[in-house]
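Trainee: Could you take me through how a helix and its salt bridges are read from a model?

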2 protein chains.
Amino acid sequence: MGMDERKLRILQAIIDDYILTAEPVGSRTISRKYDMGLSSATIRNEMSDLEELGYLDQPHVSAGRIPSAKAYRLYVDQLLEGGKIPSLNADAVRAHFTGRGHQMEEVIDRAAQVLSSMTHYLAVVLPPGSQQVRIRNVQLVPVSTESALVVIVTDVGVVRDSVIRISRHLDSETLYSISRALTAALSGHTLQESQAILREMARNMEENAELLASLGNMVGDHTVKRSHVAVGGTSNMLTYPEYSDVEKVRNLLSLVETRDRLASIVARNGSVSVTVRIGPENGVPEMEDCSVVSAVYSTYSGQQGTIGVIGPTRMNYSKVLSVLGIMGQQLSELFGATEGQDEKS
Amino acid sequence: MGMDERKLRILQAIIDDYILTAEPVGSRTISRKYDMGLSSATIRNEMSDLEELGYLDQPHVSAGRIPSAKAYRLYVDQLLEGGKIPSLNADAVRAHFTGRGHQMEEVIDRAAQVLSSMTHYLAVVLPPGSQQVRIRNVQLVPVSTESALVVIVTDVGVVRDSVIRISRHLDSETLYSISRALTAALSGHTLQESQAILREMARNMEENAELLASLGNMVGDHTVKRSHVAVGGTSNMLTYPEYSDVEKVRNLLSLVETRDRLASIVARNGSVSVTVRIGPENGVPEMEDCSVVSAVYSTYSGQQGTIGVIGPTRMNYSKVLSVLGIMGQQLSELFGATEGQDEKS
DNA sequence: TGTTAGCACTCTCATTGGGTGAGTGCTAGC
DNA sequence: GCTAGCACTCACCCAATGAGAGTGCTAACA
């Protein structure tokens, strides 16, 4: 008993219907709503086979059937292979970003909002990874007589800033020359490397040892500091019947609250352009009946960020995939183009 | 029929019990658990009076009674007047902040977390208001040949940064001298004033008109830009029986998602140190059975931020008030002390 | 041999109706 | 003024009932 064309068509119909209604679907429904040219009895036989093959589950004997994770997997794989993902018009998405600030956090936040309102699921947007970020420019700006703001410009345009103490008074000019020296020394290095360089510098330049040490600490802090994770559409989730149970909502919500964990769940893609993880595939007990679809976008420097959508396993994969596609492309354009224009000069 | 001492004591007991159990409380419970030296029948009579006075509601005839908004108002007012708010040990709170970065956003986020975990309600922390923020220092940092990062240091230590385009190439030295000129011109002025000054400067300095114009726009953007609002403990809310209804959770959640609105609800305090708004007093339909307790904290420069807690009307006001008190003080210290030490030099 | 009609069977869900318990209001007595 | 006692009212729980949806199986049909 293998998987023939007809079984596939029936399974497809069941999944489509279940995605729509969230109710177990019966043989009669299929034969009527999706005209297969088959009677309910025949479909019943096929459904029985599909259940034995592991593609369908039956909540109880006298209910219809619901697709299993395995069924969704098949469904999604076909979707991806078949290239059946409808391509959306990019303009609608683009409109949400034009005329806005280009600051990283703003774009990220906005993206999460747009993503959630387009899909009606929970959207997560992670900024480009910071492991390989390289320093471009370091600048000290006097804030008061005993503290200065450190601004580090990196090659992804991300700016890390923090205030540090300086023990003895340093005037604006002195800070400026230190800034130049730091830029010369650190430019082109990653944050990790910079930390080592700063330690070395601190040993050699006793007069500014303290300053350099705190700079080193600051850089170290930033390498581990969780970056800003944008989330949108949490309340969307509550519109789905699978979350009519408060306990489930609670689980999901506390997952969303711990941004670090959320980020690691969404970002778990081996730099493949798009990943779909269905229910148990997530490996997270709380998310056994959630699917996570994620895509990567990249900045001009090759840094990769992640956008993801979390929804019930019966989510509208086709739509989500196309929205993620267009959105990833859009973000790549946005982050790439910003610098692309600069490079032209 | 007025409010005598005994009625007050009974009302107090009812509120205390209801805060604890969230169940309508009956006359028998009061006479037994809180020994008033009165029989249930007597208490029944008093409760009947209290209901007529508008302090109690009855869900249905054979249930106990629950406190009305008016009752909570009385309760809270007595709490505030009587100075009965237990003062907590500040050290426990302080421990959460020591050894951490002093960057505004980090502190704000952390504060929301601590506040929610101490109260078990939803916590909101707003950064110091930016209406009266004055500029201290402006610095242009080269990012690429055609763009520069603008850093504006304000007197609350908040740093606004954004990348702007520069049409013709300006080297590091030129940018530095422009920075100095800008600092001289704008230092001490509010963002609004600065916008006007920049417009004026753009007219007089044709060569840098474009740069100055975009700077002006940027400053303008930032005056309206919603600032970072920290929220913590959303999932806490779901532990309370009043939110066992998914629809209510949904309403609350979508309120929390629109940070602007949330901020305006929490911040609606006429610069009084602490405000309690009970249920309908919020004037927000979605929050008819929520109370909002908020307190202000201030930075060394007199800027005021707000911390707030949102919970069911039957929240533990006494605890919330004392936690907010200690937390506000703590934040004030944190933001004040940072600069306070600088001032000493 | 595959398809279909028919039928008995199973199980959920919504409804109904009595029983229980918590709480009240009222009255009469202390 | 307080309290004991009592009738009364509901919400809630539980079991029984019936309708409806869907299945599996069998037998007939093309």
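This is a predicted model: local features need pLDDT of at least 70, side-chain atom pairs count only at pLDDT 80 or more; totals for chains, interfaces and linings use all residues.

Trainee: How far does helix H10 of chain A reach from its first C-alpha to its last?

Mentor: Helices (H or I, at least four residues) and strands (E, at least two) are DSSP runs numbered from the N terminus, and the expected span of a helix is 1.5 Å times one less than its number of residues. Helix H10 of chain A, residues 246–257, has 12 residues and reaches 16 Å, close to the 16 Å expected.

Trainee: Which residues of H10(A) are buried, and what covers them?

Mentor: Buried means under 20% relative accessible area, exposed over 50%, and partly exposed in between, with a 1.4 Å probe and protein chains only. In H10(A), the buried residues include Val246(A), Val249(A), Leu252(A), Leu253(A), Leu255(A) and Val256(A). Their cover, judged by contact (heavy atoms within 4.5 Å), includes strands E3, E7 and E9 and helix H11 of chain A, together with helix H10 of chain B.

Trainee: How many salt bridges does the structure hold over all chains?

Mentor: A salt bridge is a side-chain nitrogen of Lys or Arg within 4 Å of a carboxyl oxygen of Asp or Glu, and the structure holds 28 of them over all chains. In one of them, Asp91(A) pairs with Arg94(A), the closest N and O atoms being 3.1 Å apart; both lie in helix H5 of chain A, 3 residues apart, about one turn of the helix.

Trainee: Why does such spacing matter for direction within a helix?

Mentor: An α-helix has 3.6 residues a turn, so residues three or four places apart point the same way. In helix H4 of chain B, Arg73(B) and Asp77(B) are 4 residues apart, and their side chains meet in a salt bridge at 3.1 Å, N to O.

Trainee: Which parts of the chain does the pair Lys7(B) and Asp49(B) link?

Mentor: Lys7(B) forms a salt bridge with Asp49(B), with the closest N and O atoms 3.4 Å apart. This pair links distant parts of the chain, helix H1 and helix H3 of chain B, 42 residues apart. Lys7(B) counts as buried because its relative accessibility is 5%, whereas Asp49(B), at 22%, counts as partly exposed.

Technical notes:
Residues are numbered from 1 along each chain as its sequence is written. Chains are lettered from A and ligands numbered from 1 in the order in which they are written. Side-chain values use heavy atoms; hydrogens and water are left out.
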